[in-house]
Amino acid sequence: MEQNSSNIDHDKLIKILTTVIQELDVGIHVVNKNGETILYNHKMSAIESMNAQDVTGKNIRDVFQFPNEQTSTLLQALEKNQTTKNVKQQYFNNKGEEIITINHTYPFLYNDRLEGAFEIAKDVTKMEKLFRQNRRNQNTRYSFDSIIGTSPAIKEVIEDAKRVTRTPSSVLITGETGTGKEIFAQSIHNGSERADQPFISQNCAALPDNLIEGLLFGTKRGSFTGATDHPGLFEQAQGGTLLLDEINSLNPNLQAKLLRAIQEKTIRRVGDTKDRKIDVRIISTINEDPINAIAEGRLRKDLYYRLSVVSLFIPPLRERLEDIEPLMKHFIDLYNYKFQMNVKGVANDTLQHLYHYDWPGNVRELEHMVEAAMNLMIDEEEITMTYLPRIFQQRFLSQQQIQVKVETRKESDIQPNVGLPLKTYLEKIEEQYVKSALSAHNGNISRTAEALGLSRQNLQYRIRKFKNKQG
């Protein structure tokens, strides 16, 4: 009698097992030997965003799509009669939505005959998409929260840049070296609808002309010795943002090809005859006045108009001195963390020196100064002039000496002569300033150039220009 009570008829057993399978927290998908679904549990329905009636009784070939000539792991189990475990499967449901799972797949036999296959699936779609996003944006670590400053000048630029995130229009960012142009570019990308797509950055001055064309537009196998089929930066940035840094460094021929790509929204690989459609937002930067670059032939006017649908100007640090203190705090906190130190701040007298410096290297120079100072400190709580690199101490002193000399000149020496053209008057002021700097450094070209934030060649050019005018 006890044995009879333990017996369960076949239909009842099937019903119990089906109920159990439906409640499991893993996806279960069973197909017959023809590849038609005979069991599809609730979890599998949730993973694939489909109802059971969308799948049951249908061949999985007619329901799902598999990319790049791949096939279903269930079909592989039927075709090869073998078990596979921990296989990643990428496919698309009947609505075209991407699904990514980790599968254990088994064929099942009855009387030694293959009758079907079943699959146990774990959903990793969200994890994979996050991984892709992080991989694509591994070099886009900046957002608008990364931009430090309380000055009205920087706040205005931040607000304008935030508005730009709403559209796919091209943006031209103008600013001196070290002002943070790429931080703004990354912030615009990460604040836009393209944030989960690639952000590709290329410094146009970093590569020779014969390489940068292939890098930008890609190459076709056989177009030149050693050339392979390779996508360029435009294709790699598809759907996302391409940052072209120092756009004025591109030669006129490449600028013309870039203009065509932006206008036509197509590119052609080097050596190819086929155009490829692109959907890429262009952000470009320039470290000089674009009007000067156009006038002196470094930037095509028509390209400028295409790139500067929106123009942002990042003010140099000397025009927003009130940002020095919050920037100092930010960099001190950063290097406290990196160096495992506990520096509290900067001494007041040293801070005053910083306010009277013209910062030719802008925010980048300020960061390097903080890092260098903290490398020399041990247990001190404040950064003082003692710990600033010698090159900075000399620059600060030089700036003060030049300022004193300029301020003590007779007023008549700098009174504007309304009879002179503006350009001539400004050249005279420049000449007086350079001569004062040379005098402060006893005629030493290297130290004077360093104090003025110029290269030796640039300073020597100005000196020759002044001498030629006098001659």
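Predicted model: local features only at pLDDT ≥ 70, side-chain atom pairs only at ≥ 80, totals over all residues.
The chain has 471 residues, of which 41% count as buried. Its secondary structure comprises 21 helices and 14 strands. Among the contacts in the chain with a separation of 6 or more, 63% are made by residues 24 or more positions apart.

Strands of a sheet pair through backbone hydrogen bonds, and the pairing may be parallel or antiparallel. In the present model, an open sheet is formed by 5 strands in the order β2-β1-β5-β4-β3, with antiparallel pairing. From one strand to the next, the twist averages 30°. Strands β4 (residues 98-110) and β5 (residues 113-123) run antiparallel and are joined by 10 bridges. Within this pairing, I102 stands opposite K122 in β5.

Helix α5 (residues 73-80) packs on the sheet, where it touches β1 (27-32), β3, β4 and β5. The direction of α5 makes about 155° with that of β5. The buried residues of the helix are T73, L74, L75, A77 and L78. Their cover includes β1, α4 (60-63), β3, β4 and β5. An α-helix has 3.6 residues a turn, so residues three or four places apart point the same way. Both ends of α5 show local features of the backbone or its contacts. At the start of the helix, a side-chain oxygen of S72 comes to within 3.0 Å of the backbone nitrogen of L74. Just after the helix, N81 adopts a positive phi of about 55°.

Aromatic rings were examined next. A pair of such rings is described by the distance of the centres and the angle of the planes. A search of the whole structure finds 7 aromatic pairs. In one of them, the ring centres of F217 and F234 lie 5.6 Å apart and the planes meet at 5°; the pair is therefore stacked. This pair links distant parts of the chain, since F217 belongs to helix α9 and F234 to helix α10, 17 residues apart. Both F217 and F234 are buried. The pair of Y357 and W359, by contrast, is edge-to-face, with 4.7 Å from centre to centre and 80° between the planes. Y357 has a relative accessible area of 3% and is buried; W359 is likewise buried, with a value of 0%. Ring pairs also link F64, F66 and Y91 into a cluster.

Two loop residues complete the description. R221 lies in the loop between α9 (209-217) and α10 (233-236). With a relative accessible area of 58%, R221 is exposed, because this value is over the 50% limit. R221 and V270 are 49 residues apart in sequence, and their C-alpha atoms are 9.2 Å apart in space. D272 is found in the loop between β9 (266-268) and β10 (275-277). The relative accessibility of D272 is 11%, and the residue counts as buried because this value is under 20%. A polar atom of the D272 side chain lies 3.3 Å from the backbone nitrogen of K274.

Conventions. Residues numbered from 1 in each chain as written. Heavy atoms only, no water. Helix = DSSP H or I, 4+ residues; strand = E, 2+ residues; numbered from the N terminus. Buried < 20%, exposed > 50% of the residue type's maximum accessible area, 1.4 Å probe, protein only. Pairing = 2+ DSSP bridges. Axes fitted to C-alpha atoms, helices over the stretch in contact; angles between N-to-C directions. Contact = heavy atoms within 4.5 Å. Polar contact = N/O pair within 3.5 Å; in protein donor to acceptor, adjacent residues only side chain to side chain. Phe/Tyr/Trp six-rings, centres within 6.5 Å; stacked < 30°, edge-to-face > 60°.
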